[in-house]
Amino acid sequence: MPDTAPAPSHAPIQATKPILFIDLQAQRAKIGPRMDAAIGRVLAHGGFVMGPEVAELEKRLSAHCGAKHVLTCSSGTDALLIPLMAKGVGHGDAVLVPSFTFTATAEVVALAGAVPVFVDVLPDTFNIDPESLARGIKTARTRGLRPRAVIPVDLFGQPADMDEINALCEQEGVWVLADAAQSYGASYKNRHVGSLAEVSATSFYPSKPLGCYGDGGAVFTDDDELHQRMMQIRVHGQGKDRNENVCIGLTARLDTLQAAVLLEKLSVFDAEYAERQRIAQRYHQLLTGVVETPVVRPDRSSVWAQYTIKSKARDRIVTGLAAEKIPTSVLYPRPSHTQPAYRSFPIAGGGLPVTERLAREVVSLPMHAYLNAADQDRIVDAVRRAVG
Ligand SMILES: Cc1ncc(COP(=O)(O)O)c(C=O)c1O
């Protein structure tokens, strides 16, 4: 065709850019060069295990959330398991957990040799219901188990009712391990997640609000002795040196490379947190009256690990959005107490009716700090069309 040929009158249809559930590449576009330099520094110094970035990250996280001690580790699951091991939770003990959560919350209890007792959640915040928790403690005792700990989960990024839970647990003589895998960055009564319970655990899985480029986690506590025991467990129960093993432990360190990644991500985390608030607020304005939008109590904030709506038309929303190439995620369609691996464990008196209803009605929409207004409008329009 000669160079001077007129352009075809039918311009090609512009393909719409796919919407991602969590857009890690958008974040990379912002911090890529710094991130590459940070990774390059680790490659150059070669301290791949417990290199200087690990201690630096622990110091920075402690300053960021206010916990006296931060122990980074290999995953959010290990961040839950390590304190259970350090406290000697095991045979004959009951640990109360919500069923409406990721499987790791109950899994670590069984791994420690104790019995998870499943508790119901509140219909608006999705977090553990203190009344069901009180019933669950009774259920455990009726079954001849010793209630030792409670693991409230800050589901989808909002802290649980920590004052009520801590007070009830103190009265009952059980300790609290906050599963903050989804909530690092959120706050409760002007205190940060990480400092809301005797021990808290978070995850740095890549899709978490503060995520690394692989697996990672951290445990937070103000208790010196517990921190010391957890440091030992993180490295095979190591005592004063590598030739002494004072307790049974794990290989549960955070890789230096992941610590370097997290240090860079932490430097933009507060700005991303502000963006997440703005985007969640916009969803709220656009979706109120269309579906049930998530409720955040006035005395706390969510970090919006997920933006989770409720609707009786949930399945239509999932298929409707999929048809428009918009990803959604249903968390959690099969709560832990219904899973083959956990069916035999006890559930709190009164049952788990809210958990069972939520499993049918919830769906999470794309949510990340780089979600632009045009994409958000497309998502909202698709939800409107799906619910009719
Ligand atoms: C509530 C909850 N607890 C624990 C975990 C476990 O974290 P990880 O995947 O880092 O082991 C997760 C991870 O998704 C989670 O969402």
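Analyst: The largest cavity in this predicted model holds about 110 Å³ of space. A cavity is a set of points, on a 1 Å grid over the protein atoms alone, where a 1.4 Å probe fits but cannot get out; its volume is the space filled by probe spheres set on the points, which are joined across faces, edges and corners. The count of cavities of 30 Å³ or more comes to two. Residues are numbered from 1 along each chain as its sequence is written. Local features need pLDDT of at least 70 and side-chain atom pairs pLDDT 80 or more, whereas totals for chains, interfaces and linings use all residues, and side-chain values use heavy atoms, with hydrogens and water left out.

The lining of the largest cavity (residues with an atom within 4 Å of a point) consists of 15 residues, and Leu24, Gln27, Pro209, Glu272 and Arg276 are those nearest the centre. Helix 1 (24-45) and helix 8 (256-287) are the elements that contribute two or more residues to this lining; helices here are DSSP runs of H or I with at least four residues, numbered from the N terminus. Helix 8 has the largest share, with three residues. By class, the lining of the largest cavity has six nonpolar, four polar and five charged residues, where Ala, Val, Leu, Ile, Met, Phe, Trp, Tyr, Cys and Pro are nonpolar, Asp, Glu, Lys and Arg are charged, and the others, Gly among them, are polar.

The largest pocket contains about 430 Å³ of space. A pocket is an open set of points with protein on both sides within 12 Å along at least five of seven lines. Its lining comprises 25 residues, with Phe102, Gln182, Ser203, Tyr205 and Lys208 nearest the centre. Two or more lining residues come from each of helix 3 and helix 4, and helix 3 provides the largest share, namely three. The lining of the largest pocket divides into 11 nonpolar, 11 polar and three charged residues.

This pocket is the space taken by the ligand, in the sense that more than half of the ligand atoms lie within 2 Å of its grid points. The shell around the ligand has 15 residues, of which Gly76, Thr77, Asp179, Ser203 and Lys208 come nearest; a residue belongs to it if one of its heavy atoms lies within 4 Å. Helix 3 (76-86) and helix 4 (104-111) each supply at least two residues of the shell, and helix 3 gives the most, with three. Five residues of the shell are nonpolar, eight are polar and two are charged.
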